[in-house]
Amino acid sequence: SNFCFQGCSNCIMFGSLHVLWARCSPVSRLVVSSYCVASVALTILVAFLPGVAVALPICSARTVFSMGRIWVLPLAFIYRPLEAGPAALFMFLEAYMGVVVLPSRERSLGSAACLVWVLA
């Protein structure tokens with residue numbers, strides 16, 4: 001194989017991500033993968049069913065307070081509309097940060113408490 005998987009400076013980016021993913025605990029993997037899958041799936045759903053966009057607006061002070069759409073608060077962490085390249089790059093950056101930060105948080109809190117902490 002051409003990949004080092006040891007975390008050395010000669011590894012390509014995939015190798016580094018593979019090492020980080022291998023070190024992730026199950027809840028961290030669940031949170032990161034559900035965020036990416038849900039964002040892509042909900043973006044596709046909104047594209048094919050435009051009426052869903054009314055039910056899944058972007059979470060902001062305007063949509064919550066002015067429009068009274070309280071349900072967007074618990075959905076805000078899993079829905080980021082991927083309309084252009086920068087939004088996808090930010091999603092990958094947030095997933096990378098989750099893979100880096102969440103495993104240590106989960107080890108310190110425990111799996112169930114970490115999941116509650118993420119959802120709260």
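Colleague: Before we count anything in this predicted model, what counts as a helix or a strand here?

Modeller: Both are runs assigned by DSSP and numbered from the N terminus. A strand needs at least two residues, whereas a helix, of type H or I, needs at least four residues.

Colleague: What percentage of the residues in the chain is buried?

Modeller: A residue is called buried when its relative accessible area is under 20%. Of the 120 residues in the chain, the share that is buried comes to 30%.

Colleague: How are H6 and H7 oriented to each other, roughly parallel or oblique?

Modeller: Helix H6 covers residues 85-109 and helix H7 covers residues 111-119, and they pack with their axes 7 Å apart at an angle of about 125 degrees. An angle under 35 degrees would count as roughly parallel, one over 145 as roughly antiparallel and one of 65 to 115 as roughly perpendicular. The two helices, H6 and H7, are therefore oblique.

Colleague: Which residues of H7 make the contact with H6, and how many residues of the contact are nonpolar?

Modeller: On the side of H6, the contact is made by Leu 102, Arg 105, Glu 106 and Leu 109, while H7 contributes Ser 111, Ala 113, Cys 114, Trp 117 and Val 118. By class, the contact holds two charged residues and one polar residue, and the number of nonpolar residues is six.

Terms used:
Residues are numbered from 1 along each chain as its sequence is written. This is a predicted model: local features need pLDDT of at least 70, side-chain atom pairs count only at pLDDT 80 or more; totals for chains, interfaces and linings use all residues. Side-chain values use heavy atoms; hydrogens and water are left out. Buried means under 20% relative accessible area, exposed over 50%, partly exposed in between (1.4 Å probe, protein chains only). Axes are lines fitted to C-alpha atoms, for helices over the stretch in contact, and angles run from 0 to 180 degrees between N-to-C directions. Contact means heavy atoms within 4.5 Å. Ala, Val, Leu, Ile, Met, Phe, Trp, Tyr, Cys and Pro count as nonpolar, Asp, Glu, Lys and Arg as charged, and the others, Gly among them, as polar.
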